[in-house]
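Here is a short briefing on how one protein model is packed. Please look over the sequence and the fold first.

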Amino acid sequence: MPQSGDLVDFFKPSKWALDREETTFANYGWSNKDMDPVPLRLRTWTTWNYISYWISDATNLAVWELASSMLAIGLSWRQAMPCIAVAYGIISIVMVLTGTIGARLHVAFPVLNRSSFGFWFSYFTVFSRVILSMFWFGIQTYNGSQCVYQMLKAIWPSIANMPNQLPVSANITSSGLMCYLLYWLIQLPFLFVTPHKIRWLFFAKGVLTPIAWLAMVIWAFVKVPASEGLFSQHATIEGNYFSWAWLSAMNSALGIYASLSVNIPDFTRYAKNERAQYVQPFIIPIAFTLCSFVGIAVTSAGIQLYGEVLWDPLLLIDRWDNRAAAFFASFVFALTTIGTNISANSLGAGNDMTALCPKYINIRRGQILCAIIGGWALCPWEILANATGFLSFMDGYTIFLGPFAGIMVTDFYLVHKGRVDVPAMYDPSGRYRYTGGFNWRAVLAMIVTVAPTLPGLINSINPAIKIGYATHLFDIAWMYGFVVASLVYYVASRLFPAHDTYVDALISADDAMPIDKQYEKESKSPIETIQSGTEGEDKKSVNVETAEVQV
């Protein structure tokens, strides 16, 4: 039986402190094993891993729903497809630019952005992304629970008539809560998979989901020939309204992966080399444009079959009579949602929480906290039921993400020209302290870009507040933020250079510790291990022939 003293000790911070690691750069408390540069033995992601990663991510609910919603706002498929292709082409270029930083330095986003924002101001970007990731984790988990519901309905149709024991004010039914718990439990074990091994989940997704999507588009064209469905669909808007609707749709497409374009170094730091992730500008536009076409084609068929725009594929699946097809399609969407939730939300939150509190939180603990807080404490079903304005605010977060990416890219490539000091990124008093831990050039760029878009954000949350044409700037918030923040930051950095942050050449993690100690230890022979054990002692002769080695 546990003693009261044991219970008190359980809640002591020291009880939860991580074991001290032999960290390369930082003093104890400023980093841990997960925040250190990735050692050589863990750089395992190849080009094929990044191809399967993006194919798996392209086949997710958000990409389908975005493409389908373009039909709902009045665009034709001929207008929507170029919009989608241009958006994903732009984001893929930013993705490889930020991804190369991670692949070259082998550090995560929360660490590398200290060189551009300043050691302490970087925590603003990290903390804000933690909040965003937790909210979207809960919302994606709720979307996944809808997939579980369709799977169970395909097996036991009677679940549709399951009595509801919850009040209307709960904003969720008994069956809905059951499916949510099931999906949360199914998703939980994947959070324990280390980042350098999670690539196998993306490989499985990359194989299974394209098969399901191809089957759905074949079904759409068999049920409704293209001449009667897709090709017969025309735009319902024109003129000036069409132009702004097209730009707004493109901004929404950019916004889906605006967060990942900032934290893609969390994945590319595991690349075998820089070249492994150079495939992104090719695979992203192709995969996402094709998958968006599938969403548009199937939605167009749904318009002819059911007389309404079913932009959510689960609503379409709910109309199917073929229970086997409904189960398989729902299963694939559930798998896709798990992968997307891990890559875009859970791992990002885990990395960010690790940076915020490295003495007590590693990536795995951060992911579990994200699953508990984002999955249960934030009650995503309440958010989806009552907070249209809140969701508009979450979507409007691109007004911050565009400047984040612009400042990171400009600082690394144009200001410092790739010559940065990785060990200094772990030192709060080092060269990236700038002025009191804040790089005022980054602060200035954020203010100049975010302030003009705030009226549009307010209008999106509460349309009753009229702001005139100012709302159009919000329609292109990511593009405006990226371009203007980059320009302002570059000009300010050239006119008022931070001389202390410049170095003559890149000081990388490999320069500071050329050989990964653990890798070196594992690669040693037993005799070399015995000999190295005498370090710090008087040299002693070792009879190699008679030495007993315990394996």
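Predicted model: local features only at pLDDT ≥ 70, side-chain atom pairs only at ≥ 80, totals over all residues.

Residues are numbered from 1 along each chain as its sequence is written, and side-chain values use heavy atoms, with hydrogens and water left out.

**Overall make-up**
- The protein has 27 helices and 0 strands. Helices (H or I, at least four residues) and strands (E, at least two) are DSSP runs, numbered from the N terminus.
- Of its 551 residues, 52% are buried. Buried means under 20% relative accessible area, exposed over 50%, and partly exposed in between (1.4 Å probe, protein chains only).
- Accessible surface totals about 24800 Å², and carbon and sulfur atoms hold 63% of that. Areas come from the Shrake-Rupley method with a 1.4 Å probe; for residues, only the protein chains shown count as cover.
- Among contacts between residues at least 6 apart in sequence, 84% join residues at least 24 apart. Contact means heavy atoms within 4.5 Å.

**Helix 3 and helix 14**
- The axes of helix 3 and helix 14 (residues 280–306) come within 9 Å and cross at roughly 25 degrees. Axes are lines fitted to C-alpha atoms, for helices over the stretch in contact, and angles run from 0 to 180 degrees between N-to-C directions.
- Helix 3 and helix 14 are therefore roughly parallel (under 35 degrees; over 145 is roughly antiparallel, 65 to 115 roughly perpendicular, the rest oblique).
- Helix 3 passes helix 14 in a right-handed crossing (the near helix is turned clockwise from the far one by less than a right angle; anticlockwise is left-handed).
- Ile51, Trp54, Ile55, Asp57 and Ala58 of helix 3 meet Gln280, Ile283, Ile284, Ala287, Phe288 and Cys291 of helix 14.
- By class, this contact has 9 nonpolar, 1 polar and 1 charged residues (Ala, Val, Leu, Ile, Met, Phe, Trp, Tyr, Cys and Pro are nonpolar, Asp, Glu, Lys and Arg charged, the others, Gly among them, polar).

**Helix 10 and helix 14**
- The axes of helix 10 (residues 199–223) and helix 14 come within 9 Å and cross at roughly 35 degrees.
- This crossing is left-handed.
- Residues of helix 10 that meet helix 14 include Trp213, Met216 and Trp219.
- The contact of helix 10 with helix 14 divides into 14 nonpolar, no polar and 1 charged residues.

**Asn49**
- Asn49 lies in helix 3 (residues 47–58).
- Asn49 is buried, at 9% relative accessible area.
- Beyond residues up to four places away in sequence, Asn49 touches Thr44 and Arg199.
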